[in-house]
Protein chains: 2
Amino acid sequence: MSTRRIPDATVGRLPVYLRVLLELASTGEATVSSEQLAELAGVNAAKVRKDLSHLGSYGTRGVGYDVEYLRFEISSRLGLAHESPVVIVGLGNLGRALANHAGFRERGFIVAALYDSDVEKVGTEVYGHVIRDIADLGPATQLDIAIGVIATPPVVAQNVADRLVAAGVRAILNFAPTVISVPEEVALRNVDLSLELQILSFYQQREEPGSAEVALGVEHDRR
Amino acid sequence: MSTRRIPDATVGRLPVYLRVLLELASTGEATVSSEQLAELAGVNAAKVRKDLSHLGSYGTRGVGYDVEYLRFEISSRLGLAHESPVVIVGLGNLGRALANHAGFRERGFIVAALYDSDVEKVGTEVYGHVIRDIADLGPATQLDIAIGVIATPPVVAQNVADRLVAAGVRAILNFAPTVISVPEEVALRNVDLSLELQILSFYQQREEPGSAEVALGVEHDRR
DNA sequence: TAGATTGTTAATCGATTAACAATC
DNA sequence: TAGATTGTTAATCGATTAACAATC
């Protein structure tokens, strides 16, 4: 198989492979085998080959994968050929940390705008960006290509999501611990920090080994 | 079936059900049907019943589930009967936001200690906690019941993980964008903020509707 | 009893993995 | 040619979901 629909599980691992490839490129490695890539990404070698086969045939039998070529291919597939603007709504502790997160820029994302509803915060600057009033976020705002990040209290999260969608946003990362609903064509992912701790709490108090890793598709130590 | 091994996918949804049950309890609801719970948790009703059946038979046919009873059951199963200490290593933007995250305390987690390697930071206070030297984190530190949070740069993450494990930590939440390995008996979960944006970038640039939600087990809008 | 809703079964779907033919 | 490694097949496993008998 080659360029058909890429499974969700595979999409979730492509950024991990990309990270590993960037490291390999920086140390001057020209090629990498599925076995090496698997070791570095913390997954099974068969899984790596299966995942990459969904993108096409970019390896060479007997040799491996060209690091630079594969890096470019995965980048394009993920839509990282050009930098993407990120709009952050809610500038509490987490929102401010995200606004200044170095990793975003390193991975091709640029903080383009900040919004909050607190009149005390609106107009002030955070890391060089003036905080705008959430009331100004709506159909008139052109944000078609941006990714929206919700870092508000849960009670207003749905309202914020609606505003982002009205502004044309088609991808939302929600940190508010609540279920929000968006139209089918909008991509949504949720990150709930307390939920992560609660899941860990479950595996920690069990006697058996913590298969929390399995849930994330991460392999156990093979050293 | 009743009290056998709980599937990983189910464990990942229990905190969501718990959150919904807490809301229902606060509005005075005494019982809830799988249909209602499903709607509020953003999942399928059959999935709710299947998930809850792994805990035991806590519902009443024709009636539904007792909100308070179910809340208590899920809490105990997740090991949330008592508060758990959290140790945060790395106090950059993200680490500090986590140290002051109100949601942690609300969900039964207490920040117990902070560690960093920066001599400028060691000894200073962050939200009432003195930052300790990471060099002092090791076998002598008794952290058996704590959950370790890694919010350091990726290069030192493995070293930090090893120190946490040596100190007795059996559950780790890793925010550093790198693969770390831990002994089989230690539960590990990874949260990579840039990775989330990269996944969203993939679904955003596709023409078809964003099934990023599917990947998280979250349902589409049914309004 | 009639209506409602659980708990479980079974079908289906997607993800993982070992194995190996293809081929560099 | 011999050795290495991909790409694919097929078996297996786990998760999802509809359907419905059990039962309040």
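1. Which helix supplies the largest share of the surface near DNA strand C? Helix 3 of chain A does, with four residues, where near means that a heavy atom of the residue lies within 4 Å of the strand, and where helices are DSSP runs of H or I with at least four residues, strands being runs of E with at least two, numbered from the N terminus.

2. The model is predicted, so that local features need pLDDT of at least 70 and side-chain atom pairs count only at pLDDT 80 or more, whereas totals for chains, interfaces and linings use all residues. Residues are numbered from 1 along each chain as its sequence is written, chains are lettered from A and ligands numbered from 1 in the order in which they are written, and side-chain values use heavy atoms, with hydrogens and water left out.

3. DNA strand C is surrounded by 27 residues, the closest being A:Arg13, A:Arg61, B:Ser34, B:Lys50 and B:Tyr65. Of the atoms of DNA strand C that come within 4 Å of the protein, 66% belong to sugar and phosphate.

4. In chain A, the axes of helix 1 and helix 2 (residues 34-41) come within 10 Å and cross at roughly 110°, which makes the two helices roughly perpendicular (65 to 115 degrees).

Terms used: Axes fitted to C-alpha atoms, helices over the stretch in contact; angles between N-to-C directions. Parallel < 35°, antiparallel > 145°, perpendicular 65-115°, else oblique.
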